[in-house]
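Here is a short briefing to read alongside the model. Keep the structure open as you go through the points.

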Amino acid sequence: MYSEKVMDHFTNPRNVGELEKPSGVGEVGNTTCGDIMRMYIVVKDDVITDVKFKTFGCGAAIATSSMVTELVKGKTVEEALKITNKAVAEALDGLPPAKMHCSNLAADALHKAIEDYQAKQAS
Amino acid sequence: MRKVYLDHSATTPVHSEVVKTINYYLTEAWGNPSSIHSVGRRAKKGLEEAREKVAAVIGAKPEEITFTSGGTESDNMAIIGGAYARQKKGNHLITTQVEHHAVLDSFKNLEKNGFEVTYLPVDEEGLISVDEFRESIKDSTILVSMMHVNNEIGTIQPIEEVGAITKEKGILFHVDAVQSYGKIPVDVNKLNVDMLTASSHKIYGPKGSGCLYIRKGVRIPSFTHGGAQEKKRRPGTENMPGIVGFGKAAEIVGQELESEMKRLTALRDKLTKGIEENISDIRINGHRTKRLPGNVNISFRYIEGESLLLSLDMKGVAASSGSACTSGSLDPSHVLLAIGLSHEIAHGSLRMTLGRDNTEEDIDYVLKVLPEIVTRLRSMSPLYQRKEACQQKECYEHVQ
């Protein structure tokens with residue numbers, strides 16, 4: 001039911017972990033639906049230089065988290081904000097229809113981390 | 001890589017002797033059992049022998065067995081048929097919150113058509129209360145349906161006590177025995193049941209085949225109409241490969257029942273103990289002893305069931321989970337919620353159901369790979385990270 005790319009990212013997830021001094025942290029999901037994603041980013045000169053994640057969830061939740069970290073590294077904040085959940089799913093060669101809603105939240109987690117970064121900048 | 005199949009409550013591999021029997025009825029005795037000529041008579045003989053074998057496992061008379069397409073059809077037939085057969089006497093029905101959907105959805109259908117249904121709750125080990133059951137009976141109660149063994153957590157309900165009450169009160173009693181038939185002793189007379197569902201593919205027979213035991217004297221309307229097959233209860237030319245396969249499978253599990261119960265109980269307890277000793281933050285779901293011999297159901301905190309299943313599958317281990325991701329809905333298993341688990345813990349459940357091909361070496365293998373998988377998934381989990389950061393007491397109270 002999962003593409004090879006999803007299974008690859010599930011088996012060998014990229015950028016798992018935490019960052020000690022993140023510029024921003026974002027978390028989405030809840031235990032009721034069964035997926036929680038937490039994203040850490042480091043921003044230097046408006047560029048996302050490092051990113052890590054921790055995810056509680058199914059194969060799709062882990063794979064999308066991993067994929068979004070690959071997509072965002074080296075991007076500017078503005079570019080990162082344009083990454084959508086749909087784009088993440090497409091980069092994984094698609095997800096089963098049932099997973100498009102419940103487990104495809106990685107871009108949202110990233111955007112929340114960026115919001116957190118921007119809020120800290122503003123204060 | 002070692003292959004370990006631990007999903008016998010989902011389905012079982014077809015026994016080689018069953019395959020041989022089916023093959024004979026496909027190639028040699030392929031006739032229509034209703035035909036008068038020799039190839040028809042040969043088929044008829046096979047049909048009636050299968051009926052005797054299926055009946056013998058539960059102490060029933062052969063004529064009390066109606067062959068069906070499986071558990072779902074039998075449950076529908078018994079519950080919906082039973083309710084309509086007795087509707088002049090009342091409209092109240094009783095079942096439990098932890099039934100299979102074939103039962104729950106039959107009751108939902110009846111509710112839409114004017115029947116009133118009581119769904120009995122269960123305790124944290126999955127048992128109903130017999131007192132609560134007795135109190136739920138009304139003058140208008142006409143039918144009770146209760147599963148013998150729960151398909152997810154393996155808990156065995158006190159069917160004999162319930163049956164004694166329904167018999168005394170003259171209430172029709174149906175038991176879904178899909179997970180107990182051929183696995184633990186089931187005697188329709190001792191249990192006082194009026195109708196009982198069994199399925200072939202859970203006992204090493206073919207899929208698409210099952211039966212409904214209907215006690216002599218109990219009348220229920222037919223859903224389909226046609227010929228005189230199955231005493232007009234279930235007309236249509238018989239599914240001979242399915243039926244003779246079911247018969248052979250029933251014969252074999254009947255012979256092996258006691259030895260398999262003993263063997264599987266030992267393997268189950270070894271697996272459970274091994275997990276308890278090697279992995280922290282777990283919860284054993286279901287009753288410890290009033291439990292199907294081959295059923296292990298454990299929740300692993302901080303991780304999600306589908307990830308666990310995918311990881312196990314990559315190591316050659318086939319199992320199942322009550323996680324929402326594997327149920328096809330947004331909610332985790334209704335059974336796990338009914339025994340009081342939070343969504344998070346229900347999402348992290350793993351069901352391993354053992355069967356005749358499993359060995360001690362299989363269990364050793366699972367005990368080797370499972371802790372590694374749990375550790376890996378926990379290392380990725382923000383919940384586990386939070387647990388490590390917080391006070392121990394606060395974090396453990398859900399689990400114990």
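The notes below cover confidence, salt bridges and helix packing.

This is a predicted model, in which local features need pLDDT of at least 70, side-chain atom pairs count only at pLDDT 80 or more, and totals for chains, interfaces and linings use all residues. Residues are numbered from 1 along each chain as its sequence is written, chains are lettered from A and ligands numbered from 1 in the order in which they are written, and side-chain values use heavy atoms, with hydrogens and water left out.

**Confidence**

- The model scores ipTM 0.93 and pTM 0.93.
- Chain A has a mean pLDDT of 94, with 100% of its residues at 70 or more; pLDDT is the predictor's confidence in each residue, from 0 to 100.
- Helices (H or I, at least four residues) and strands (E, at least two) are DSSP runs, numbered from the N terminus.
- For chain B the average pLDDT is 95, and 96% of the residues score at least 70. Over residues 395-400 of chain B the pLDDT is below 50, and this stretch has 12 contacts in the model beyond near neighbours in sequence; contact means heavy atoms within 4.5 Å.

**Salt bridges**

- Over all chains, the structure holds 34 salt bridges, each a side-chain nitrogen of Lys or Arg within 4 Å of a carboxyl oxygen of Asp or Glu.
- Glu360(B) pairs with Lys270(B) in a salt bridge, with the closest N and O atoms 3.3 Å apart. Because Glu360(B) lies in helix α12 (residues 360-379) of chain B and Lys270(B) in helix α7 (residues 240-278) of chain B, the pair ties together parts that are 90 residues apart in sequence.
- Buried means under 20% relative accessible area, exposed over 50%, and partly exposed in between (1.4 Å probe, protein chains only).
- Glu64(B) forms a salt bridge with Lys61(B), the closest N and O atoms being 4.0 Å apart. Here Glu64(B) is buried, at 4%, whereas Lys61(B) is partly exposed, at 42%.
- A network of salt bridges links Lys44(B), Glu48(B), Arg51(B) and Glu230(B).

**Helix packing**

- The axes of helix α2 (residues 38-56) of chain B and α7(B) come within 8 Å and cross at roughly 40°, which makes α2(B) oblique to α7(B). Axes are lines fitted to C-alpha atoms, for helices over the stretch in contact, and angles run from 0 to 180 degrees between N-to-C directions.
- Angles under 35 degrees count as roughly parallel, over 145 as roughly antiparallel, 65 to 115 as roughly perpendicular and the rest as oblique.
- α2(B) passes α7(B) in a left-handed crossing; a crossing is left-handed if the near helix is turned anticlockwise from the far one by less than a right angle, and right-handed if clockwise. Residues making the contact include Gly46(B) and Ala50(B) of α2(B) and Gly247(B) and Ala250(B) of α7(B).
- Helix α3 (residues 71-85) and helix α4 (residues 101-112) of chain B have axes that come within 9 Å and cross at roughly 30°, so α3(B) and α4(B) are roughly parallel to each other.
- The crossing of α3(B) past α4(B) is right-handed.
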